[in-house]
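Please take a look at the structure below. The report that follows goes through its symmetry, its sheets and a few single residues.

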Protein chains: 2
Amino acid sequence: MFTVLAGGVGASRFLQGLAHATDPSNITVISNTGDDVEMFGLHVSPDTDIVIYALAGAVNPETGWGLTGDTFAVVDALQRYGYERWFNLGDRDLAMAIHRTRLLHEGVPMHEIVAGLTAAWGLQCRILPMSNEPIRTQITGPDGVLPFQEYMVKLRTETDVRSIAFAGIESAPPAPGVLEALRESEAVILAPSNPFVSIGPILAVPGIRDALAASKATRIAISPIIAGEVVKGPAAKMMVTLGHEVSAVGVARIYAGLIDVMVIDEQDRALAPQVEALGMRCLVTDTMMTSDERKAELASAVLSQVAS
Amino acid sequence: MFTVLAGGVGASRFLQGLAHATDPSNITVISNTGDDVEMFGLHVSPDTDIVIYALAGAVNPETGWGLTGDTFAVVDALQRYGYERWFNLGDRDLAMAIHRTRLLHEGVPMHEIVAGLTAAWGLQCRILPMSNEPIRTQITGPDGVLPFQEYMVKLRTETDVRSIAFAGIESAPPAPGVLEALRESEAVILAPSNPFVSIGPILAVPGIRDALAASKATRIAISPIIAGEVVKGPAAKMMVTLGHEVSAVGVARIYAGLIDVMVIDEQDRALAPQVEALGMRCLVTDTMMTSDERKAELASAVLSQVAS
């Protein structure tokens with residue numbers, strides 16, 4: 001069994017490759033729910049949904065999130081009732097949120113809801129929320145504290161991040177199956193996701209970091225930073241304002257002590273010695289994932305580290 | 001002030017005429033909420049919404065409910081999660097349900113929600129739910145008890161109605177403003193709606209029938225039965241199975257003792273003496289409402305009874 005700690009777009013692309021490189025029924029995804037949000041009274045889990053849509057081949061390839069060909073009649077119509085339009089939830093995407101919200105109100109735990117969604121989309125892999133309890137990533141910028149989606153979508157990350165908190169995390173145990181997956185996997189892979197707001201909240205759930213540290217699995221992280229930049233999202237900007245070196249080495253330092261292998265891009269080959277100096281192996285390979293073939297090749301290269 | 005007890009399609013057409021025949025700000029609508037339903041975890045108020053959409057000029061004229069040109073992406077997408085498709089809620093119609101549901105979960109009382117919706121659609125009239133508490137019309141047929149929308153929409157009324165109940169009504173007081181409207185209006189008009197499942201539940205809310213009986217208003221009912229048939233809905237079929245004469249006289253008998261004037265169609269002119277024999281005046285006029293002009297003419301004819 002392979003377990004992947006996953007955020008949104010970057011993780012979903014890696015998982016597409018992994019599901020081609022190995023039997024998807026061997027894959028367990030631990031999904032970040034720190035960027036979940038209540039919009040229009042509906043519970044939206046952006047990262048989990050991106051992973052489901054991507055693995056189902058239904059994700060909008062232009063945005064990396066949402067459904068291909070979705071329409072926006074409901075969010076348009078909601079403006080009449082005073083809602084802002086910045087959270088662009090498509091109609092078919094919203095159907096999933098309606099279903100999830102109904103089940104949550106009925107008291108169904110999130111891991112069962114996600115299992116049902118995964119099955120509804122015909123996926124063979126297992127997706128677990130990091131916790132069944134609500135955890136909300138909050139960004140502190142120069143003008144105060146923002147819920148994550150307001151920072152991410154409404155402000156388009158155009159504010160300096162000074163600190164990050166995960167509200168509710170102290171009393172949020174890992175979802176059923178999470179710790180077992182970390183203990184019993186052959187490999188635990190930290191997807192090429194944002195270390196602060198995608199992988200960070202997962203590791204901050206009480207018990208998860210310790211279980212990962214104690215796991216006999218090969219622990220492999222893939223750098224989301226390539227040639228000093230990020231493919232998508234605010235990771236590079238956050239590294240700057242939070243005082244990190246914006247490079248694969250900076251990412252490796254964040255995960256140092258917790259991982260056995262760091263995967264960096266060919267373009268960063270010169271950084272390998274610095275990564276290895278942190279006490280981990282360094283795999284240099286193509287991590288750009290610009291096609292289905294390259295996604296699967298990256299996954300195969302990562303899995304080759306497990307056998308070795 | 002004129003107060004109208006209103007169901008769905010028939011009432012909404014009459015109200016369109018009334019809003020042309022008089023200043024809409026003089027109109028108070030008391031709306032049936034007995035056919036409210038939870039669909040996909042969302043609270044839908046079919047009768048109230050039909051009235052709002054009709055008065056806003058946005059109702060789909062072909063169906064009499066829903067919004068002109070609405071799409072159905074969400075209900076289509078919900079089928080993946082195991083929902084049945086029989087309740088055909090359009091995307092823009094669903095936006096209203098999402099908004100209402102959010103407010104209900106936040107504890108906002110229904111009459112405030114409806115006031116907000118009325119304002120959002122730019123209406124000048126006042127619409128009051130019959131009660132802020134949940135009341136659910138239930139139909140007993142040969143195979144047992146059905147929630148109203150299952151009878152109405154899923155079974156397309158194709159079952160014999162043996163009895164009708166309004167679950168929760170004993171403990172459901174009239175919404176704020178309802179009794180005052182009945183007491184202080186110049187006229188109370190029972191719209192040409194189903195006497196059993198549209199007007200019936202309103203009159204069954206504790207206190208409403210008594211307030212209407214004691215009111216000094218001119219009380220006027222418009223028959224939904226024309227020439228032994230109903231323009232829309234199951235009223236005629238219900239009259240048969242519940243043992244009533246299917247005619248304007250049958251309707252007048254149901255309201256006898258509670259109204260001062262019964263309005264019947266030209267086609268039923270010969271029934272006027274039978275109606276008057278029940279102790280009420282009978283206005284014979286065109287009640288078909290097949291055009292905006294005829295709707296307004298009917299409303300003017302009804303209002304002429306108030307002055308007299």
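## Symmetry

Chain A can be laid on chain B with an RMSD of 0.0 Å, by a turn of 180° and a shift of 0.0 Å along the axis. That is the relation of a two-fold axis. The superposition is by least squares on the C-alpha atoms of residues with pLDDT of at least 70 in both copies. Of the residues of chain A, A:Asp91 comes closest to the rotation axis, at 3.7 Å (C-alpha).

This is a predicted model: local features need pLDDT of at least 70, side-chain atom pairs count only at pLDDT 80 or more, and totals for chains, interfaces and linings use all residues. Residues are numbered from 1 along each chain as its sequence is written, while chains are lettered from A and ligands numbered from 1 in the order in which they are written.

## Where the chains meet

In the interface, 20 residues of chain A are in contact with 20 residues of chain B. Contact means that the C-beta atoms of two residues, placed from the backbone, lie within 7 Å. On the side of chain A that touches chain B, the elements giving two or more residues are α3 (73-78) and α4 (91-105) of chain A. Helices (H or I, at least four residues) and strands (E, at least two) are DSSP runs, numbered from the N terminus. The largest share of that side, nine residues, comes from α4(A).

By class, the side of chain A that touches chain B has 11 nonpolar, five polar and four charged residues. Here Ala, Val, Leu, Ile, Met, Phe, Trp, Tyr, Cys and Pro count as nonpolar, Asp, Glu, Lys and Arg as charged, and the others, Gly among them, as polar. Of the interface residues of chain A, 100% are also interface residues in chain B, so the copies meet through the same surface.

## The seven-stranded sheet

Chain B has an open sheet of seven strands in the order β5-β2-β1-β9-β10-β13-β14, with parallel pairing. Strands pair if DSSP finds at least two bridges between them. The edge strands are β5 and β14 (281-285) of chain B, and each pairs on one side only. From one strand to the next, the twist averages 20°. Axes are lines fitted to C-alpha atoms, for helices over the stretch in contact, and angles run from 0 to 180 degrees between N-to-C directions.

B:Met262 has B:Cys282 as its bridge partner in β14(B). Helix α1 (residues 9-21) of chain B packs on the sheet and touches β1 (2-6), β2 and β10 (218-222) of chain B. Its direction makes about 160° with that of β1(B).

## Around β2 and β5

Four bridges join β2(B) to β5(B), which run parallel. The bridge partner of B:Thr28 in β5(B) is B:Arg126. Both faces of β5 (residues 126-129) of chain B are covered: B:Arg126 and B:Leu128 on one side and B:Ile127 and B:Pro129 on the other are all buried. A residue is buried if 20 or more other C-beta atoms lie within 10 Å of its own, exposed if 12 or fewer, and partly exposed in between, with C-beta atoms placed from the backbone.

B:Ser31 is found in β2 (residues 27-31) of chain B. B:Ser31 is buried, with 27 other C-beta atoms within 10 Å. The C-alpha atoms of B:Ser31 and B:Leu128 are separated by 6.0 Å, though the two are 97 residues apart along the chain.

## The three-stranded sheet

Three strands of chain B form an open sheet in the order β7-β6-β8, with antiparallel pairing. Strands β7 (144-147) and β8 (163-167) of chain B stand at the edges, each with a single partner strand, so one side of each is left without a neighbour in the sheet. The twist averages 30° from one strand to the next. Five bridges join β6 (residues 136-141) of chain B to β8(B). B:Ile139 has B:Ile164 as its bridge partner in β8(B).

## Positive phi

A:Phe40 has a phi near 55°, a positive value in a residue other than glycine. A:Phe40 lies in the loop between β3 (37-39) and β4 (42-44) of chain A, and is buried, with 21 other C-beta atoms within 10 Å. B:Thr157 also is a residue other than glycine with a positive phi, near 60°. B:Thr157 sits in the loop between α6 (148-154) and β8 of chain B, and is partly exposed, with 17 other C-beta atoms within 10 Å.
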